[in-house]
Amino acid sequence: TGGSDLMGGTNTSYDTICVQGCAMSSVSMALNGKRYLIDQQIINPQTLNNFLRTHDGYLCINHNCNNLVLNAPNKVAPGKINFISEAEKPSADTILDWIRKSNPVAIAHVRNKTHFVLLTGYDTEDKSLFYVNDPYYPTVSYGYEQITDIITYEVELN
């Protein structure tokens, strides 16, 4: 549900969660996994989108108003959720360490910088293969070489 909900724009065929919401949906999955709520509701793409729409969570860049303001999710639980950075991917070993510790939460830019996914695990036989929650494609993993950059958040367990 909520896939047709508008994000930051007004074009009902383009500015929707289903078409443009991969980064926001990946953040919602991470916050849900850490047991956060918004107004006593479980966080999912729809509830996070509604929150972001009313808390300056989207930015217009080149006529695309669906760009996630990367520190806006911090407002869900100030001091407990903190945007760290969007940066070129670190070493595979660094990503493995993050996954083992469950922090920071890592959202990977994949598919030639056209899509975001939540990193959730790794293959113990091939440590360059990362398991993901993909909000759109039926893909369960991406190779290290398919990741271009990563958005990270430090998120305390709620």
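In which sense do strand E6 (residues 105–110) and E10 pair, and over how many bridges?

Author: Strands E6 and E10 pair in the antiparallel sense, over five bridges. The model is a predicted one, in which local features require pLDDT of at least 70 and side-chain atom pairs count only at pLDDT 80 or more, while totals for chains, interfaces and linings use all residues. Residues are numbered from 1 along each chain as its sequence is written, and side-chain values use heavy atoms, with hydrogens and water left out.

Two strands are said to pair if DSSP finds at least two bridges between them. Helices (H or I, at least four residues) and strands (E, at least two) are DSSP runs, numbered from the N terminus. Strand E10 is mostly covered, with six of its seven residues buried. Buried means under 20% relative accessible area, exposed means over 50%, and partly exposed lies in between (1.4 Å probe, protein chains only).

The setting of these strands is as follows. The protein chain holds four helices and ten strands, and from the N terminus its elements run α-α-β-β-α-β-β-β-α-β-β-β-β-β. The radius of gyration of the protein chain is 15 Å, close to the 15 Å that the globule rule gives for 158 residues, so the chain is as compact as a globular protein of that length. This radius is taken over C-alpha atoms, and the globule rule is 2.2 Å times the number of residues to the power 0.38. The C-alpha trace spans about 45 × 30 × 25 Å along its principal axes, and 46% of the 158 residues count as buried. Of the contacts with a separation of 6 or more, 55% join residues 24 or more positions apart; contact means heavy atoms within 4.5 Å.

Aromatic side chains come next. The structure holds two aromatic pairs. In one of them, the rings of Tyr 136 and Tyr 137 have their centres 4.9 Å apart and their planes at 85°, so the pair is edge-to-face. Rings of Phe, Tyr and Trp (its six-membered ring) pair if their centres lie within 6.5 Å; planes under 30 degrees apart count as stacked, over 60 as edge-to-face and the rest as tilted. Tyr 136 is exposed, because its relative accessible area is 51%, whereas Tyr 137 is partly exposed at 31%. Arg 111 lies over the face of Tyr 137, at 3.6 Å from the ring centre. Lys 89 lies over the face of Tyr 144, at 4.0 Å from the ring centre. A charge sits over a ring if NZ of Lys or CZ of Arg is within 6 Å of the ring centre and within 35 degrees of the ring normal.

Elsewhere, in helix H3 (residues 45–54), the buried residues are Thr 47, Leu 48, Asn 49, Phe 51 and Leu 52. The buried residues of H3 pack against several elements, including H1, helix H2 (22–33) and strand E4 (64–68). Just after H3, Asp 56 takes a positive phi of about 55°.
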